[in-house]
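Me: I have a model open on my screen and would like to learn how to read it. Could you take me through it feature by feature?

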Amino acid sequence: MATHARAGSFPSPPGRQVPELDPALVEQWQAGGGELIDLFAEARERLGGVAAFRLGPRPTVLITAPEAVQHVLALNPGRYVKRSHRARLLIGDGVLAATGEAWQSQRRLLQSQFTGPGMRRYEQRIAEAARTTAERWAGYARTGQVFDVGDEMRRFALDTIWRSLTGHPLDPETERELAAVPAVVAALPSLPADGTAAQGAVADELARIDAVASHAIAAARDTEAGPDGPGLLHVLLDAAETRPEYTDRLIRDELVTLLVAGHETTATTLTWLYLLLDRNPQAREQALAAGEDGSPQRRQALQALVHETLRFYPSAWMLPRSAAEDDTLAGYEIEAGTDVLVCPYLTHRDPELWEAPGRFDPARFTTPGRRPTHPGSYFPFGVGPRACLGLQFALRESTVLLEHLLPAHVPHFHSTPTKAAYSITVRPDGPTPAVLGA
């Protein structure tokens with residue numbers, strides 16, 4: 001049975017300074033050219049669920065303990081705020097990057113689209129995108145064609161979100177142009193710190209994305225709806241009729257934000273899922289044996305595959321915040337202006353919270369008592385008021401695709417990536433070529 005809190009994570013009395021990682025260890029990490037996640041893991045392992053390290057003049061505080069996660073993200077979002085989104089040059093002032101009253105207004109408009117009644121209008125579009133992918137895979141199976149699983153997952157997720165935004169299926173030209181989106185996302189960690197230089201480094205890709213967005217907005221204005229009915233883009237255009245803040249630029253930013261958030265994270269999750277199933281083939285058999293096709297038992301088992309994949313590779317592996325005011329967090333002093341990094345990736349792999357965290361075990365999401373219940377223990381889409389709007393959408397489209405593909409096809413990989421790349425998402429660092437078998 002998993003424990004729900006790390007013993008000794010929150011020392012008393014209040015007012016103590018957050019324990020800080022030895023600078024010599026930070027220097028050793030820098031000299032070795034390690035990934036940032038390696039530094040995070042070292043800090044958590046040595047110092048616990050609230051730890052600090054120093055890469056500049058001031059310490060950065062790392063949060064992995066569930067109670068501290070809840071304190072920062074859910075209970076005190078006004079004290080721990082987003083300063084600037086890493087993808088701002090791509091998504092502009094879209095809802096992911098917005099703050100304050102602008103964020104509240106934008107989120108209210110979109111939230112209704114991603115809850116019960118709102119979700120129902122996208123069910124058919126998700127199913128059609130999944131059927132299109134299934135037909136393509138049936139062709140691969142007949143011909144023995146080698147294809148890239150990651151590319152296929154991006155294609156499905158992009159088709160799904162494009163249908164939901166515009167009411168139209170994804171056409172080949174739009175698909176080619178929107179290849180610029182993952183290109184910019186992948187480039188973000190290595191872009192220059194100067195905003196103008198960063199913009200210039202991906203200017204061609206941004207121009208392609210802007211052209212697609214401009215064309216989609218114009219087409220939505222000219223026609224009431226696509227063959228699948230009105231989409232999210234029509235909701236934004238309707239808002240512009242009464243809300244002057246919804247300029248063409250903000251509509252573009254929201255459109256691109258939804259494109260990025262609506263396909264990049266889902267595609268990455270599904271790619272990891274297939275790589276994990278390749279290493280753990282019994283998990284596929286157990287999911288299919290849970291119930292008949294279309295049964296609630298089968299659907300629950302497929303959702304568990306998705307949840308366990310998200311435990312390993314959460315959609316947002318790191319959530320940066322800044323302390324807007326002085327605070328006491330888990331008995332520690334946090335000064336205003338302190339950078340705080342909440343890390344779902346490490347919380348989800350904490351052996352004090354999760355039994356055998358390195359084992360791919362979807363049953364922990366279907367068997368009572370197998371997973372920690374504290375809301376700060378599992379939060380692949382964040383937690384609190386800034387949690388991802390598209391949680392239910394992403395889970396639904398992933399499950400529907402698995403319902404179409406998993407019973408019929410098993411990808412046999414020619415090669416698999418040996419490591420992960422840590423950018424906005426945690427993605428496989430390399431191609432995933434495969435052929436299909438039964």
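What follows is a short talk about confidence, overall shape and a few single residues.

Me: Before anything else, what kind of model is this, and how are the residues numbered?

Reply: This is a predicted model, where local features need pLDDT of at least 70, side-chain atom pairs count only at pLDDT 80 or more, and totals for chains, interfaces and linings use all residues. Residues are numbered from 1 along each chain as its sequence is written, and side-chain values use heavy atoms, with hydrogens and water left out.

Me: What does the protein chain average in pLDDT?

Reply: pLDDT is the predictor's confidence in each residue, from 0 to 100. Here the protein chain averages 91, and 96% of the residues score at least 70. Watch residues 1-13, though: the pLDDT there is below 50, and this stretch has 39 contacts in the model beyond near neighbours in sequence. A contact means heavy atoms within 4.5 Å.

Me: How many helices and strands are there?

Reply: Helices (H or I, at least four residues) and strands (E, at least two) are DSSP runs, numbered from the N terminus. The protein chain has 18 helices and 13 strands.

Me: And why is the chain called as compact as a globular protein of that length?

Reply: You check the radius of gyration, taken over C-alpha atoms, against the globule rule, which is 2.2 Å times the number of residues to the power 0.38. The protein chain comes out at 22 Å, close to the 22 Å that the rule gives for 438 residues, so it is as compact as a globular protein of that length. Along the principal axes, its C-alpha atoms fill a box of roughly 60 × 55 × 40 Å. Among contacts between residues at least 6 apart in sequence, 73% join residues at least 24 apart.

Me: What share of the residues is buried?

Reply: Buried means under 20% relative accessible area, exposed over 50%, and partly exposed in between (1.4 Å probe, protein chains only). Buried residues make up 53% of the 438 residues in the protein chain.

Me: Which residues does Thr269 contact?

Reply: Leaving aside neighbours within four places in sequence, Thr269 is in contact with Val306, Thr309, Leu310 and Ser315. Thr269 lies in helix 14 (residues 248-279) and counts as buried, at 6% relative accessibility.

Me: Is Asp204 buried or exposed?

Reply: Asp204 is exposed, with a relative accessible area of 61%. Asp204 sits in helix 12 (residues 203-222). Its C-alpha atom and that of Thr174, 30 residues away along the chain, are separated by 16 Å.

Me: What is the phi of Ala330?

Reply: Ala330 has a positive phi of about 55 degrees, although it is not a glycine. Ala330 lies in the loop between strand 7 (327-329) and strand 8 (332-334), and at 22% relative accessibility it counts as partly exposed.

Me: Where does Ala356 lie?

Reply: Look in the loop between helix 17 (344-347) and helix 18 (391-405). Ala356 has a positive phi of about 45 degrees although it is not a glycine, and it is partly exposed at 30% relative accessibility.
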